[in-house]
Structure formats: C-alpha cells, structure tokens
Amino acid sequence: MGLRANLLTRRTAGVASTTLALLLSTAAVGVVPAASAFSAAPAQTCAEPADVHSDARVKAGAQTKHEPNELTAAQVREREADLAGALRERANFRAGAGAGTLATVTIPVVVHVIQENSTRAGGNIPDSLITSQIAVLNQAYSGATGGAATAFGFQLQKINRVTNPAWYPIVSGSSAERSMKTSLREGGKNTLNIYLGELSDNLLGWATFPKRTLDKMDGVVALNESLPGGTATNYNQGDTGTHEVGHWLNLYHTFQGGCSGSGDSVSDTPAEASPAYECPTGRDTCTATGKDPITNFMDYTYDSCMHQFTAGQASRMLTAWNAYRAA
Ligand SMILES: [Zn+2]
C-alpha cells in the first residue's frame, strides 16, 4: 500500500454496523463527512477514513473511506436493545443453572500474524511486538496508564503465523477476510482472536461487537505496524489494539451520537460532536458539561494522547462480557 509514511492523523467518516475500524487517511484534520454521505454504505463495509499529514487539508467530502466501526443511531438502538435482551437471557440462564456473574476476567488471546512473505514489509513482525502489545493491553485495561481499572486482563495463548498472499493485505469486508477468519479463528466467545497484517484503505484496524452466538467473523483486526515499536508514526504505541478491543467489549466511540441523545451510552464520557484527531487539548465541541474526552481510548487521537477508559466504560464492558462472552 505504501502510504504508511504519510499517516499522521486518524480520519473518520462513516457508518457501519457491527464492525468497527480505525483508519488512517488522506483527509483533512477535523473534517467529518456529512452522515448522508455514507447513508447508502453497506453495513460493515465502511472503513474509517484515514488520515494524512496533519498539515494536509482536504475539501469537505473528499474523504473516501470510513471506519467500519461507526454506527448510525438506528444501529445503536438495535445494539442497545440486543444488550438488554442478552442480559435478560443471561439472568434466566443463571437462575436455572446457577452460573455466577464474573467480576474479573482473564481473556485468552490468539494472535494470527498474516504474512505475504518472510520479510518485515511482507508482514513478518517479531514476536517481541506481540508480547509488547499484550503488555499494553494489560496496562490500559488495568488503569495503569491513568484511567479507570477494568475487570479485564489478557493472556497470550498462541502466535499463529500464516503466509498467504491472498489474505495480504487484509481487506475489510472482503470474502478473503471471511475466508481467513473462518479458517483461523480459535476458541469460544471468550477468546480474543487478533489478526495482524497490512490493511486495506489505510485502516488502522477494525473489530466486531459481541453477539449472542459465536460468529466466525468475531475478532479484532489491526495494522501490524501499529503494535508497540512498529513503524506507523503516531500510531505505534499499541493503542489501536486497545481501541479495537474496546469495541470487541461493546464500547462505542466517545463521539457516537454527537452532542445529543445518549451518545456513547456511557454517562461519564462527556459528549463530543465529532472525532478528535492528533491531540487537541482543550477541545470542547458540545455545550453539555465537560471538555471532549480526547484522552479516551475510544476517540481517534494519537496513541500518545489517549490513555484512559472511564469507570462507566469499565462497567459497560463488564456488563457486556457477562451478557455475551462469559461461559
Ligand atoms: Zn473505532
């Protein structure tokens, strides 16, 4: 793809349904496409636009991609109704089977390294980047980087290296992605499968939200060079992984819903009109109380800018875990 050197800002745009993605694009900082521009996009195929040079400026509407992880208001309503249903189902199950509700969770992680060949450019990243990524997840989700502690810890089970040029780069929404995941996915609903490779459309990553039934598409896809120590400038501290796992645990973006309504369905993340890029300290795009949560892992800022989840997000993730992913 050859665009990596130009990545400076995460760009956004779009709508999506059950998948989410982060992109790097060539759009202008702060440009957010009108919702109508994406309304016709098929669910799950939109890619979050990427970004470009921080000094680049692109005309409004010039963005061509959006993240597969951005949702419409209707999609959020549908997901929230499903969560309520899953919780009722789970409560009934517990009443009958005596299963408990988990308070802490260790998530088994299987990492699939997709390679075109044996070179670094062909996807052959060292194991050390992967172990560093697991460490970053554990720090982020424990609150060690300054946010709320969540219930989650991560344990690497396996690194699975696969050389298959047909799956490289990993193309969001493609039949090749489906083939890859169908062939490779391991474990139950509680197992985090992470697929690493070069990605289509300058995306940083994408993820699936939890579902009541196990879906072979379930998992996180991330740009291999976004891992800690990778080459994706400004996005190489591992927070793409942190962000995408947040979606996998049922978090929306902090800018979901903009300034109105229930936003991201979390009460302690101040409303935000649109994604924030780079690190715009002091940004405040809604009249409601609180500045924009630019340091939250679920915004689109640089890795160096984001360092926290809130208590409300931690609670939402645990609720979702017990509704969807707990055994
Ligand atoms: Zn996202």
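**Exercise 1. State how much space lies in the second largest cavity, and classify its lining**.

The second largest cavity holds about 30 Å³ of space. A cavity here is a set of points on a 1 Å grid over the protein atoms alone where a 1.4 Å probe fits but cannot get out, and lining residues have an atom within 4 Å of a point. Grid points are joined across faces, edges and corners, and a volume is the space filled by probe spheres set on the points. The model is predicted: local features need pLDDT of at least 70, side-chain atom pairs count only at pLDDT 80 or more, and totals for chains, interfaces and linings use all residues. Residues are numbered from 1 along each chain as its sequence is written, and side-chain values use heavy atoms, without hydrogens and water.

Next, list the lining: Lys189, Lys211, Thr213, Leu214, Asp215, Asp218 and Arg325. Finally, sort these residues: five are charged, one is polar and one is nonpolar. In this scheme Ala, Val, Leu, Ile, Met, Phe, Trp, Tyr, Cys and Pro are nonpolar, Asp, Glu, Lys and Arg are charged, and the others, Gly among them, are polar.

**Exercise 2. Determine which element gives the largest share of the lining of the largest cavity**.

The largest cavity has a volume of about 70 Å³. Its lining consists of Val111, Ile130, Gln133, Ile134, Ile194, Leu196, Val220, Ala222, Leu227 and Gly241. The largest share, three residues, belongs to H2. By class, eight lining residues are nonpolar, two are polar and none is charged.

**Exercise 3. Describe how H2 and H4 cross**.

The axes of H2 (residues 127-142) and H4 (residues 239-248) come within 9 Å and cross at roughly 60 degrees. The two helices are therefore oblique to each other, since angles under 35 degrees count as roughly parallel, over 145 as roughly antiparallel, 65 to 115 as roughly perpendicular and the rest as oblique. Axes are lines fitted to C-alpha atoms, for helices over the stretch in contact, and angles run from 0 to 180 degrees between N-to-C directions.

**Exercise 4. Locate the cis peptide bond and the positive phi**.

The bond from Tyr168 to Pro169 is cis, with omega near 0 degrees. Pro169 lies in the loop between strand S4 (152-163) and helix H3 (175-184). Asp201, although not a glycine, has a positive phi of about 60 degrees.

Notes
Helices (H or I, at least four residues) and strands (E, at least two) are DSSP runs, numbered from the N terminus. On a 1 Å grid over the protein atoms alone, a cavity is a set of points where a 1.4 Å probe fits but cannot get out, and a pocket is an open set with protein on both sides within 12 Å along at least five of seven lines; lining residues have an atom within 4 Å of a point.
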